[in-house]
Protein chains: 2
Amino acid sequence: MELQPIGHVESPLTDRASAPRQGDEGAPEAWLVFAPEYARGMRELAPGQDVLVLTWLDRADRSVLAVHPRRPETGVFATRSPDRPNPIGVHRVTILAVEGLKVRVARLEALDGTPVVDVKPVLGAER
Amino acid sequence: MELQPIGHVESPLTDRASAPRQGDEGAPEAWLVFAPEYARGMRELAPGQDVLVLTWLDRADRSVLAVHPRRPETGVFATRSPDRPNPIGVHRVTILAVEGLKVRVARLEALDGTPVVDVKPVLGAER
């Protein structure tokens, strides 16, 4: 169960303190930069598509199981906190442009340099 | 970037040939069975909540980058195929019951024994 990065995020967001907590809370546009060996996997990605971007939140604390100081204590699986045992970010974004190995997306709250591990189209049930 | 299973799926689905391709295509109810060391992370999960379940699709072919025989060839990142470099399943389900370390969910297309790696609440933008 070892993930391999397929690319990384290029974003003006550089630290957790300044990042919005969710994409719809003022997150900026960003680039997804694919590694050359995954270029074939990008075919048919196009502007206007809604996709789920999965990231590896590499600055997360994986030891956290509950969020405090909430009362009652809330387990991390009932929150979207990046601090969790498997810190996989799920970001719903719209593709704005595709330029070679780079995909421009709207409203991505992931930090600059964050590894990208998957991109999937949004399904009807997720709209 | 090593994932640790937080639990596994208990489902009547036992092989890919008989599994629906998506949860809204006739998938059955299933249990998410958490490992005891993650029990604290489950607090505040409750019936009626919509959650994203992230699984590790352990029977996937990680070498696949494009889907054939589609023409034009479609990259895996423009599909929901389980065969992809990082085979993380994203399943939107509704919680039906919570019983100790087990969470009953509706319409999960993951196979019996599939490792669960994360559970997150659905956000407004994902509805």
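Predicted model: local features only at pLDDT ≥ 70, side-chain atom pairs only at ≥ 80, totals over all residues.

Me: How do the strands of the barrel in chain A run?

Reply: Six strands form a closed barrel in the order 1-2-7-6-3-8, with antiparallel pairing. On average, neighbouring strands of this sheet are turned by 45° against each other, direction ignored. Chain B has a closed barrel of six strands too, running 1-2-7-6-3-8 with antiparallel pairing. There, neighbouring strands are also turned by 45° on average, direction ignored.

Me: How do you know that strand 3 and strand 8 of chain A pair?

Reply: Pairing requires at least two bridges found by DSSP. Strand 3 (residues 50–56) and strand 8 (residues 115–121) of chain A have five bridges, in the antiparallel sense. Therefore they count as paired. Individual partners can be named. Leu54(A) has Asp118(A) as its bridge partner in strand 8. Val53(A) has Val119(A).

Me: Why do strand 1 and strand 8 of chain A count as a pair?

Reply: Two bridges join strand 1 (residues 7–10) of chain A to strand 8 of chain A, and the strands run antiparallel. The rule asks for at least two, so the pair qualifies. Gly7(A) has Val116(A) as its bridge partner in strand 8.

Me: Which strands pair with strand 8 in chain B?

Reply: Strand 1 (residues 7–10) of chain B pairs with strand 8 of chain B over two bridges, antiparallel. Gly7(B) has Val116(B) as its bridge partner there. Strand 3 (residues 50–56) of chain B is joined to strand 8 of chain B by five bridges, again antiparallel. Val51(B) stands opposite Pro121(B) in strand 8.

Me: What joins strand 6 to strand 7 in chain B?

Reply: Four bridges join strand 6 (residues 88–99) of chain B to strand 7 (residues 102–105) of chain B, and the strands run antiparallel. With at least two bridges required, they count as paired, therefore. Glu99(B) has Lys102(B) as its bridge partner in strand 7.

Me: Why is strand 8 called mostly covered?

Reply: Buried means under 20% relative accessible area. In strand 8 of chain A, seven of its seven residues are buried. In strand 8 (residues 115–121) of chain B, six of its seven residues are buried. Across chain A, buried residues make up 56% of the 127 residues.

Me: Why does Pro85(A) count as buried?

Reply: Pro85(A) has 1% relative accessibility. The cut-off is under 20%, so Pro85(A) counts as buried. Pro85(A) sits in the loop between strand 5 (74–75) and strand 6 (88–99) of chain A. Leaving out residues up to four places away in sequence, Pro85(A) touches residues of chain A, including Arg62(A), Leu65(A) and Phe77(A). Its partners in chain B are Gln4(B), Ile6(B) and Tyr38(B). Val64(A) is another contact of Pro85(A).

Me: Where does Val64(B) lie, and what is it in contact with?

Reply: Val64(B) lies in the loop between strand 3 and strand 4 (66–67) of chain B. Beyond its neighbours within four places in sequence, Val64(B) is in contact with Val76(B), Asp83(B), Arg84(B) and Pro85(B). Ala35(B) is 29 residues from Val64(B) in sequence and 31 Å from it in space, C-alpha to C-alpha.

Me: How do you know that the radius of gyration of chain A agrees with a compact globule?

Reply: With 127 residues, a compact globule would have a radius of gyration near 14 Å. Chain A has 15 Å, which agrees. Its C-alpha trace spans about 45 × 30 × 30 Å along the principal axes. Residues 24 or more positions apart account for 73% of the contacts with a separation of 6 or more.

Me: How are the two copies related?

Reply: Chain B can be laid on chain A with an RMSD of 0.0 Å, by a turn of 180° and a shift of 0.0 Å along the axis. The two copies are thus related as by a two-fold rotation axis. In chain B, the C-alpha nearest the axis is that of Glu2(B), at 2.2 Å.

Technical notes: Residues numbered from 1 in each chain as written. Chains lettered and ligands numbered in written order. Heavy atoms only, no water. Least-squares fit on C-alpha atoms with pLDDT ≥ 70 in both. Axes fitted to C-alpha atoms, helices over the stretch in contact; angles between N-to-C directions. Rg over C-alpha atoms; globule rule 2.2 N^0.38 Å. Buried < 20%, exposed > 50% of the residue type's maximum accessible area, 1.4 Å probe, protein only. Contact = heavy atoms within 4.5 Å.
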